[in-house]
Amino acid sequence: MNGNIDLEARYCAQNYLPLPVVITRAEGVHVWDDAGKKYLDMMSAYSAVSHGHANPRLVRLVIEQVAQLSVVSRAFYTDKLGPFLERACELTGQDMALPMNSGAEAVETAIKAARKWAYTVKGVAHDQAEIIACTGNFHGRTIAIVAMSDEPQYQSGFGPFPAGFRLVEFGNLEALEVAINENTAAFLVEPIQGEGGIIVPPEGYLKAAQALCRKHNVLLIADEIQTGLGRTGKLLACEHEGVQPDGLILGKALGGGILPVSLFLARRDVMQVFTPGDHGSTFGGNPLAAAVGLEALNIIVDDDLVGRSAARGDYLIKALRTIASPLISDIRGRGLFIGIEIEPSLATARSVCEALMARGLLSKETHDTVVRLAPPLIISEAEIDWAVMQIREVLGEIDRLRLAS
Ligand SMILES: *Cc1c(COP(=O)(O)O)cnc(C)c1O
């Protein structure tokens, strides 16, 4: 029995199924539970904690900024928003940005931008604009976003849904070309699907998708909320294929593991569809969040978190591939964004995560069969060695138990 677990069970909506651990403190790549037990965090809040917990530069900045200025709304200018957006545009090669808080809000912003661009620039007929998304996508949880999902549970019981979305198979270019028509505003895609199970599309897919979008005057919008900001070993996962999207969505790690900070970034002609009153958010772009976002970006550059993700990700995936276990049916990913596919007839990913937790390694399953490994980008090789040893031993144990029963 644990008082905090009981309280959440009684008072919190049961929309998650957390592992039974109560975390009370965190620093760097580690977290501690209420009994003082230490864990290596290989989950990093779905990639929101790429900078490590309680990053000292961010902690210092937050304490200073919170005492100076936190929230005034965008009814006024501040000394923090402009510099943050300038840096974000400079690093991503985009022209302009619109600040939001959660990832889902930034995706909604992208959808609104794409639709209004379709009507006012491309010339699509009134209310006919279509957005193409991919099977297996995850873009968040609002009604419009789950309208794009093909995960039955995300939609079941929540209809009716807005129209104007089409799905094509992720990785299938012919399906994309067939789906594009004169009403298509945008193709919205995750360069690597995260919640879908760390799914890397075929080589050249994004590049060819970009060419198709150009040919048909369709916006290519990359949802890099999870893959962006170094997670896959490049600043943006689109860079693996030399693709510059027309619209880009960032979130998660943009808040430095401290605050929700998200952005929709785009070319000038796309962003200029917004006029005063079209769209907004009370907290979006607040000076505290903007200061955190700017520092989060600067730390990624100063500490070479992108290079570290590439090198340590390579190191981790090679070490994982030395594990000989019938429970592993696939290991895939890029940078420190790795999924271990568990053979479903032999074990569940959840049972692997629970056994890892008992040994002090936190991870989370996605889609029943995939163990996700996405540690803070500051993880060291020694910490990776320790993690791989735990994974090797847990898989060995589960296999022995299975054979014995
Ligand atoms: C997490 C995520 C979102 C949603 O972000 P929230 O901050 O949870 O709203 C959207 N797209 C992708 C690719 C994500 O991984």
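The ligand is surrounded by S102, G103, A104, F138, H139, G140, E190, D223, I225, Q226 and K252, where a surrounding residue has a heavy atom within 4 Å of the ligand. This is a predicted model, in which local features need pLDDT of at least 70, side-chain atom pairs count only at pLDDT 80 or more, and totals for chains, interfaces and linings use all residues. Residues are numbered from 1 along each chain as its sequence is written, and side-chain values use heavy atoms, with hydrogens and water left out.

**Ligand shell and contacts**

- The shell around the ligand comprises three nonpolar, five polar and three charged residues; Gly counts as polar, and Asp, Glu, Lys and Arg count as charged.
- An oxygen atom of the ligand lies 2.7 Å from an N or O atom in the side chain of Q226, a polar contact being a pair of N or O atoms within 3.5 Å.
- On the backbone, an N or O atom of G103 is 2.8 Å from an oxygen atom of the ligand, and a polar atom of F138 is 3.3 Å from a ligand nitrogen atom.
- Of the 380 Å² of accessible area that the ligand has on its own, the protein covers 81% (Shrake-Rupley method, 1.4 Å probe).

**Overall fold**

- The protein has 14 helices and 15 strands, which are DSSP runs of H or I with at least four residues and of E with at least two, respectively.
- The radius of gyration is 21 Å, close to the 22 Å of the globule rule for 405 residues, so the protein is as compact as a globular protein of that length; the radius is taken over C-alpha atoms, and the rule is 2.2 Å times the number of residues to the power 0.38.
- The C-alpha trace spans about 65 × 55 × 45 Å along its principal axes.

**Backbone features**

- G159 and P160 are joined by a cis peptide bond with omega about 0°, and P160 is in the loop between α7 (152–155) and β6 (165–168).
- S73, in the loop between α3 (56–68) and α4 (81–92), has a positive phi near 75°.

Definitions and conventions. A polar contact is a pair of N or O atoms within 3.5 Å; within protein, one must be able to donate a hydrogen and the other to accept it, and residues adjacent in sequence count only if both atoms are side-chain atoms.
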